[in-house]
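Please open the model and keep the sequence beside it. Some notes for your first read-through are below.

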Amino acid sequence: MALLLKKEKTEIDKLREALMTGVSYMIPVIVAGGMMLAFGSLFETLTGVDLKESNSLAAQLINDLKTFGLYGLTLLFPVIAAFVGFGLAGKPAIAPGLIAGMLARDMQMGFLGALLGGLMVGYLVRWMLANIKLPKEFRSLLPMVIIPLIGSAIILFVMKYIVGYPLIALNTGLENWLVGMSGGNKVVMAAVLGAMVGFDLGGPINKAAITVSLGLFAQGIFEPVTASHIAIMIAPFGIGLSTIFAKQYYSKELQENGRAALMMSCVGISEGAIPFILANPALIIINTVGSAISAAMVIMFDSIVQAPAAGILALILSSNFFLYFISIATGVAFVAVATTVLMKRQFTKQATEAETQQQAAKSA
């Protein structure tokens, strides 16, 4: 009987999985914190009430909500460092990772510092687990005492005295560059992020753009997260509309997928468009361009969302509802029209081929 051998993961595969693990644990934390902060800020903006000065119970509760949101955002760096380390070395890496993330935050190393701290923790802990041999009766000390103590100390000293200051300089330079961007440069940056989000719909390129945007969001830079999150809904919404207004070019199954894609896009889920890409990979180009158009427009109009929100919620929280809506509508219209044209050509080609085969069968 043939043996089915499982392909061994390469080091690149393990690194990719560790990064995705860190991101998957980070996103709920930053969404919770960011949304509480955003709702508090929205209330303050709409009512004009100074939450800190007002004595009303409602104002105090909303101000507390903003404070709670800030608590969530401050956890971003410890969480991603801890769980990137966890993805590489398991539970023993969590404690050193949390502490490394706190150091990255306090030293202003930024998102990159926390990420690097998590990677260093993961590789060091993995090495310690593999190479430190203890008698059987003392083995439990390795993950419980030795790694948290020695591992944390090594990483923290390396981060503070070797890699810390270059990372601080890099992070400060990146922040200054993004904050100091002129209108045209911001639009280009937004278009690139939007294109990345629309390119593979939840894949590694999409996740890279969103992760970088969330990291900058935690540092108070809102344009990248606005651009990347508006792009999330463009492809599935545009394709979904095409399946409604040009349903004759789609199979029953794709029509049902189109309705599902529409609903998913409204809550910020882009994966609803994936079945259509499988049916016609040329849609990747259309999705990429449409997403880039909307992302560029929303930044050009300066309709910023100060929350990690996507879909309808981002529209509600945007600083200019009408211009945000126009940005969505333009990208969605492009995707819907271009998708319809593409699917019509595919449908016509398939119908012609089927007719030719029928005629050939009759002639035979």
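This is a predicted model: local features need pLDDT of at least 70, side-chain atom pairs count only at pLDDT 80 or more; totals for chains, interfaces and linings use all residues.

1. Look at helix α2, residues 57-74. This helix has 18 residues. From its first C-alpha to its last, α2 reaches 26 Å. That is close to the 26 Å expected at 1.5 Å a residue.

2. Which residues of α2 are buried? They are Ala-59, Ile-62, Lys-66, Gly-69, Gly-72 and Leu-73. Seen down the axis of α2, the buried residues fall within an arc of 135°, so they line one face of the helix. An α-helix has 3.6 residues a turn, so residues three or four places apart point the same way.

3. The face turned away from the buried side carries the exposed residues Leu-57 and Tyr-71.

4. Check the backbone at two loop residues. Most residues other than glycine have a negative phi. Gln-108 is not a glycine, yet its phi is positive, about 65°. Gln-108 sits in the loop between α4 (94-106) and α5 (110-131). Asp-302 is not a glycine either, and its phi is positive at about 60°. Find Asp-302 in the loop between α13 (283-300) and α14 (312-317).

5. Is Phe-245 buried or exposed? Phe-245 belongs to helix α10, residues 234-245. Its relative accessibility is 69%. Exposed means over 50%, so Phe-245 counts as exposed.

6. Phe-245 and Asn-63 are 182 residues apart along the chain. Their C-alpha atoms are separated by 46 Å.

Terms used:
Residues are numbered from 1 along each chain as its sequence is written. Side-chain values use heavy atoms; hydrogens and water are left out. Helices (H or I, at least four residues) and strands (E, at least two) are DSSP runs, numbered from the N terminus. Buried means under 20% relative accessible area, exposed over 50%, partly exposed in between (1.4 Å probe, protein chains only). The expected span of a helix is 1.5 Å times one less than its number of residues. The arc is that of the directions from the helix axis to the C-beta atoms.
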